[in-house]
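Please open the model in a viewer and keep the selection panel at hand. The stops below proceed from the whole chain to single residues.

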Amino acid sequence: MTYTLPDLGFSAHFQSQLTPDEFDTLTPRRVVEVQRTLIHTLGEGGAKTIPMSPVLADARVAVGDWVLTAGDPPLATRVLERRSDVKRRAAGDVAIAQSIAANIDTLFIVTSCNQEFNIARLERYVVVAHQAGVEPVVVLTKADLADNPGDYLDQVQRHLKGVIVELLNATSSEPSAKLSPWLGKGRTVALVGSSGVGKTTLTNALTGQGLLTRSIREDDAEGRHTTTARSMYPLPSGAWLIDTPGMRELQIYDVAEGVEAVFDDIVTLAGTCRFTDCQHDTEPGCAIQAAIDNGQLDARRLDRWRKLQREDAFNTQSVAERRAESRRLNKLYSEGKANLKRKRGDFI
Ligand SMILES: Nc1nc2c(ncn2[C@@H]2O[C@H](COP(=O)(O)OP(=O)(O)O)[C@@H](O)[C@H]2O)c(=O)[nH]1
Ligand SMILES: [Mg+2]
C-alpha cells in the first residue's frame, strides 16, 4: 500500500514548518509505532523503520508524530510541532508529560454500560481532550448486555454538556456505521479507556478482522491477549486509528484550561462570588454555595472540580518547583520563629 502525504494526515500546519529547501531535501514520515530502540513510520516511500536517536528521544516522539528524515536507510532529523497532543503525566516521581497520541482529530473515550461507567473518569478524559485541542466523543460499549442502556446515555448527556455520545455493541457491525462521521480520509482518531471496555474489539471492528498483528496482541502471564504498545492502523475509510493500552487511571498533566472548559458553569459562578479569593466554603456571598443550596449545582460536581484542580496543580508542579516551594516555606517558618522571638524580646 502506498500513501500520499495528505492520505497520512499531512496538512498545511506541518508543511509550514519546512523551508522550501527542506521540503526538497527531507522526507516527512508519520510515526505509526514507537519502540524502545526504533520507530516504525509510513511515508510516500512506504513503510520504513528508523533507529531511535537523541533527536527523537529528546522530542519524546509519540505515535502520530511527523518526523523529517534524510538518507536511505532514513534517519530522523527533526520532529515537527504537533497539531494536537493528548498527554498524561508519565508514571514515576518526576512530573513529566507523556504523549499518548499526537496529531489526532478525535478522541474516542470508551466506557461500557456496566459498573465500569463513572462520570468522574469520563470528565477526566474530556478535560484531557479539551486541553489537547481535539474533539471528545464518548463511546458507550456493551449496549447489548445492559438492561437499560439508555440510562447511561442520559447520564453522559446530563453531566457532559455538548459532548457527543454513541451507544453501541462493539462486537457487531455497528462501530463502523456509528463512528463514520469521525473516520473520514486522512483523519486520525485515538481510543482511550480502562482495560476491558472494548477498545481492542472496536479496533478489530473498525480495521476489519485479522488486520491486527505484531505487538498489539501479546499474551500476558495468564495467556490472555492484552494490548501492549500503541500503534496506528489504517481503516478502510482512509482514516487512522490509534489504540492505547488500558489505563487504570489517566494521570492528568497541565490541564488547567481543559478543566475550565469542562467546568465552565462553576468558573462562571465563581466569578460572581463577593470575594475574588473566595474558597467556596463558608464565605458570605459565595455564588457557588448559593447555587448548591438552591439545587442549581450538584455538590458532587464541585468536589470533582476541586479534585481535578488539586491534582493538576500537584502533577504539573515540577520537582524543582516543589523543592523551591518547600525551601520558601521553611524560610518563612524560620523567619516567623525569629520574628516571634524578637517580639517576645520586646515584651520581656
Ligand atoms: N457483548 C459485548 N461484548 C463486548 C463489547 N465490547 C467488548 N466486549 C467484550 O469485552 C471483553 C473486553 O474487550 P477488549 O476489546 O479486549 O477490551 P480492551 O481491554 O478495552 O481492549 C472482550 O471479551 C470483548 O469481546 C460489546 O459491546 N458487547
Ligand atoms: Mg485492548
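The tour begins with the conventions and then turns to the selections.

This is a predicted model, in which local features need pLDDT of at least 70 and side-chain atom pairs count only at pLDDT 80 or more, while totals for chains, interfaces and linings use all residues. Residues are numbered from 1 along each chain as its sequence is written, and chains are lettered from A and ligands numbered from 1 in the order in which they are written.

Of its 348 residues, 35% are buried (20 or more other C-beta atoms within 10 Å of the residue's own, with C-beta atoms placed from the backbone).

Next, colour by pLDDT, the predictor's confidence in each residue from 0 to 100. The chain average is 88, and 88% of the residues score at least 70. Residues 210–228 have a pLDDT below 50; beyond near neighbours in sequence, this stretch has 23 contacts in the model (C-beta atoms, placed from the backbone, within 7 Å).

Now centre on ligand 1. Its shell holds 17 residues, the closest being Ala170, Gly198, Lys199, Thr200 and Thr201 (C-beta atom, placed from the backbone, within 6 Å of the ligand). Helix H7, residues 199–207, gives the most to this shell, with 3 residues.

Finally, select isoleucine 109. Leaving aside neighbours within four places in sequence, its contacts include Leu122, Tyr125, Val126, Val139 and Val192.

Definitions and conventions: A residue is buried if 20 or more other C-beta atoms lie within 10 Å of its own, exposed if 12 or fewer, and partly exposed in between; C-beta atoms are placed from the backbone. Two residues are in contact if their C-beta atoms, placed from the backbone, lie within 7 Å. Helices (H or I, at least four residues) and strands (E, at least two) are DSSP runs, numbered from the N terminus.
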